[in-house]
Amino acid sequence: LSFGSSGHRSSTQKMFGSYSFAGNGSRNIQLPDHANWDFGTSDYTIESWVWITTLVNNFSLLYFTGAWGSNVYDFTIRANTANWELYTYNGSTDHGRRATRTIPTGEWHHYAVSRTSSVTKLFFDGAEETLADVGSSGAGSDNLRSGSNIPTIGSNNWTTSTGFWDEYRISNVGRYTSNFTPNEVSTVSATGTLISDTQTSSVATTKM
């Protein structure tokens, strides 16, 4: 994990704690080249809280493989002025799944893309989006790869993306199949049978 040019944490905006990551196109997070990013046709989830400062088409929302069109399939999770989408391309064929909505700026929102058993879903603030296919067909079963390239967070090949990212997570499991509460903390209490409430010292004592 490394920062691109001028990449840094910032206290200007934060969803949790004291800092978030600030990106402006030249500032990004670069993931090391690793087979972990070659999801293939397996399950995965990519998610983060995102504060969009300035929205432009092809805003690098969650992920960009950095190898556009040279593998089967490079992919990006990006936002446009009227939608956000998972979009893939292998040099000749494009695929994607798109959620059409007004993309908010100047406030925190949770974005997640999750694939379980070849079914890809997009979630906004934990609510499942209604999706439309982009390109030749949907991206539910694409063989997603990063190849020998370095995936990035906060930038892509097309435009400068200005915003903040917090609580970013990539998982090799499909975490979400229906609506959920982002960053929910379980309130389930432990259950069982009380055996004894007697407190016994483990050290022998002598009365003086």
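1. Ser 48 sits in strand β5, which spans residues 44-54. The model is predicted. Ser 48 is buried because its relative accessible area is 0%, and the cut-off for buried is under 20%.

2. What does Ser 48 touch beyond four places in sequence? Its contacts there are Leu 62, His 109, His 110, Tyr 111, Trp 165, Asp 166, Glu 167 and Tyr 168. One of these, Trp 165, is 117 residues away in sequence. In space, the C-alpha atoms of Ser 48 and Trp 165 are 6.6 Å apart.

3. Asp 166 belongs to strand β15, residues 162-171. A polar atom of the Ser 48 side chain lies 3.1 Å from the backbone oxygen of Asp 166. Note that the Asp 166 atom in this pair is from the backbone.

4. Is Asp 166 buried or exposed? Asp 166 has a relative accessible area of 7%, so it counts as buried.

5. Strand β6 covers residues 59-64, and six of its six residues are buried. β6 runs antiparallel to strand β7, residues 74-80, with four bridges joining them. Ser 60 has Arg 78 of β7 as its bridge partner.

6. Arg 78 also has a bridge partner in β8, namely Glu 85. β7 and β8 are antiparallel and share seven bridges. They form a hairpin, with two residues between the strands.

7. Why is β8 described as largely enclosed by the rest of the structure? Strand β8 has seven residues, 83-89, and six of them are buried.

8. β8 pairs onward with strand β9, residues 94-100. The two run antiparallel, joined by seven bridges. Tyr 89 has Asp 94 in β9 as its bridge partner. β8 and β9 form a hairpin too, with four residues between them. In that turn, Gly 91 has a positive phi of about 100°.

9. Now the whole protein. It has zero helices and 15 strands. Of its 208 residues, 44% count as buried. Among contacts with a separation of 6 or more, 68% join residues 24 or more positions apart. The accessible surface is about 10800 Å², and carbon and sulfur atoms account for 46% of that area.

Methods. Residues are numbered from 1 along each chain as its sequence is written. This is a predicted model: local features need pLDDT of at least 70, side-chain atom pairs count only at pLDDT 80 or more; totals for chains, interfaces and linings use all residues. Side-chain values use heavy atoms; hydrogens and water are left out. Buried means under 20% relative accessible area, exposed over 50%, partly exposed in between (1.4 Å probe, protein chains only). Two strands pair if DSSP finds at least two bridges between them. Contact means heavy atoms within 4.5 Å. Accessible areas come from the Shrake-Rupley method with a 1.4 Å probe; for residues, only the protein chains shown count as cover. A polar contact is a pair of N or O atoms within 3.5 Å; within protein, one must be able to donate a hydrogen and the other to accept it, and residues adjacent in sequence count only if both atoms are side-chain atoms.
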